[in-house]
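Please read them with the structure open.

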Amino acid sequence: MSIIQAEHVMLTEPDHVRVAFDPQYDHGSAFANGVYSSIDTATVPLADLGFMQADAAYDVVSVSKGYFFRLEDHLERFETACSKFLLRNPYTKEETANILTNLVKLAGTKEAYVWWGVTRGYSPDPAGRTNPDAYENRFYAFAIPYLFIANDVQRTRGVEIMVSKKFIRIPPHAVDPTAKNFHWMDLKLALFEAGSAKCDWSVLCNAEGYLAEAPGSNIFVIKDGVLYTPDTGCLEGITRKTTFDLAHEIGLPVRVEPVHVEQLYNADEAFLTSTAGGIMPINGVDGKVLGGVSGPGKIATKLHDLYWTKRWNGWLGAPVDYSVPADIG
Ligand SMILES: Cc1ncc(COP(=O)(O)O)c(C=O)c1O
């Protein structure tokens, strides 16, 4: 059973290809320091604590076939992350949505990866260091052509993952993973560990051997017709939430609870989920092919295809009107 070649569709089908755009936005558009520009020329001030101390919250939403997907959910999650980290978004939710829409229009992308974040900004006078209100928080955003973190080839064969042996995920009481943040070193080094082991990806556990999440994605395990995903230690991914909806639609029971790494090794199927890749079936874990059959499992394939088909029919989408130029003042 072959899965939908979503990357190919995005690059070739008329409803998906880029509309006319100013060549300066070829690599994407940006909004930084209150100004729209090409992503090639946007800058971050070096003394911004977002850059210096990973002191920031961010989010990523995607656009496909010209529809933002679950934009309101992403905006809501971002506001919650800001409040958990005592950051203030200088823009309202509506203003943020307008900035993101303008960026997509400038880039002309019907398939877009749209990032935005708020950083702590500059450090105030030392006397104000302990007061979050003394910092002038800063907003940055950009839109670029959509990135598939697992491309058509990888999703068709199923990604090869490893369980990180060297790293555990930062515990939730150290940095709250439900607030999307810049603390990526555990994830990043685990990704390089996977590369050294000739795997596509890794997944990290907590200190007790329960699954947490993978670099940039949530993990799901299927056993005996039941879908399992960790309840804590991970981002409450919007694609994870979407997977709950799709599972409900196909009558697949979902259990959100601690999932031990042994359950992954013994799974019939498993997959990763992310805004930057949708539902990404796993073929093998630490060299063991799940379910004893190579390639994506039947349920993962069904969820994968449903995800893209429904999105392209406008499900939970907010259409971008490319015929109205970006309102950039
Ligand atoms: C650490 C982490 N976990 C999970 C996810 C998946 O979340 P979403 O489905 O909202 O993209 C991401 C997305 O980038 C992430 O960074």
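This is a predicted model: local features need pLDDT of at least 70, side-chain atom pairs count only at pLDDT 80 or more; totals for chains, interfaces and linings use all residues.

The points below go from the ligand to the pocket and then to the cavities.

1. Ligand shell. The ligand has 16 residues around it, and K180, E213, I238, T239 and T275 come nearest. By class, the shell divides into 8 polar, 5 nonpolar and 3 charged residues. Two elements, α7 (238–249) and β13 (269–274), each give at least two residues to this shell.

2. Start with T239: an N or O atom in its side chain is 2.6 Å from an oxygen atom of the ligand. At I238 a polar atom of the backbone lies 2.8 Å from a ligand oxygen. R77 uses its side chain, with a polar atom 2.8 Å from an oxygen atom of the ligand.

3. Where does the ligand sit? The ligand takes up the space of the largest pocket. This pocket has a volume of about 520 Å³. Its lining counts 32 residues, with K180, W184, G216, S217 and S274 nearest the centre. β3 (56–64), α6 (185–196), α7 and β13 are the elements that supply two or more lining residues. K180 deserves a look, as it is among the residues nearest the ligand and among those nearest the pocket centre.

4. Make-up of the pocket lining. The lining of the largest pocket has 15 nonpolar residues, 10 polar ones and 7 charged ones. For the ligand shell, the corresponding counts are 5 nonpolar, 8 polar and 3 charged.

5. Cavities. How many cavities of 30 Å³ or more are there? The count is 2. The largest cavity has a volume of about 40 Å³. Its lining consists of S62, F69, H74, I238, T239, T242, T275, Y307 and R311. The biggest share comes from α7, with 3 residues. By class, the cavity lining has 5 polar, 3 nonpolar and 1 charged residue.

6. Where ligand and cavity share residues. I238, T239 and T275 are among the residues nearest the ligand, and they also line the largest cavity. Helix α7 supplies residues to the ligand shell, to the lining of the largest pocket and to that of the largest cavity. I would view these three sites together.

Key: Residues are numbered from 1 along each chain as its sequence is written. Side-chain values use heavy atoms; hydrogens and water are left out. A residue is near a molecule or strand if one of its heavy atoms lies within 4 Å of it. A polar contact is a pair of N or O atoms within 3.5 Å; within protein, one must be able to donate a hydrogen and the other to accept it, and residues adjacent in sequence count only if both atoms are side-chain atoms. On a 1 Å grid over the protein atoms alone, a cavity is a set of points where a 1.4 Å probe fits but cannot get out, and a pocket is an open set with protein on both sides within 12 Å along at least five of seven lines; lining residues have an atom within 4 Å of a point. A molecule sits in a cavity or pocket if more than half of its atoms lie within 2 Å of its grid points. Helices (H or I, at least four residues) and strands (E, at least two) are DSSP runs, numbered from the N terminus. Ala, Val, Leu, Ile, Met, Phe, Trp, Tyr, Cys and Pro count as nonpolar, Asp, Glu, Lys and Arg as charged, and the others, Gly among them, as polar. Grid points are joined across faces, edges and corners, and a volume is the space filled by probe spheres set on the points.
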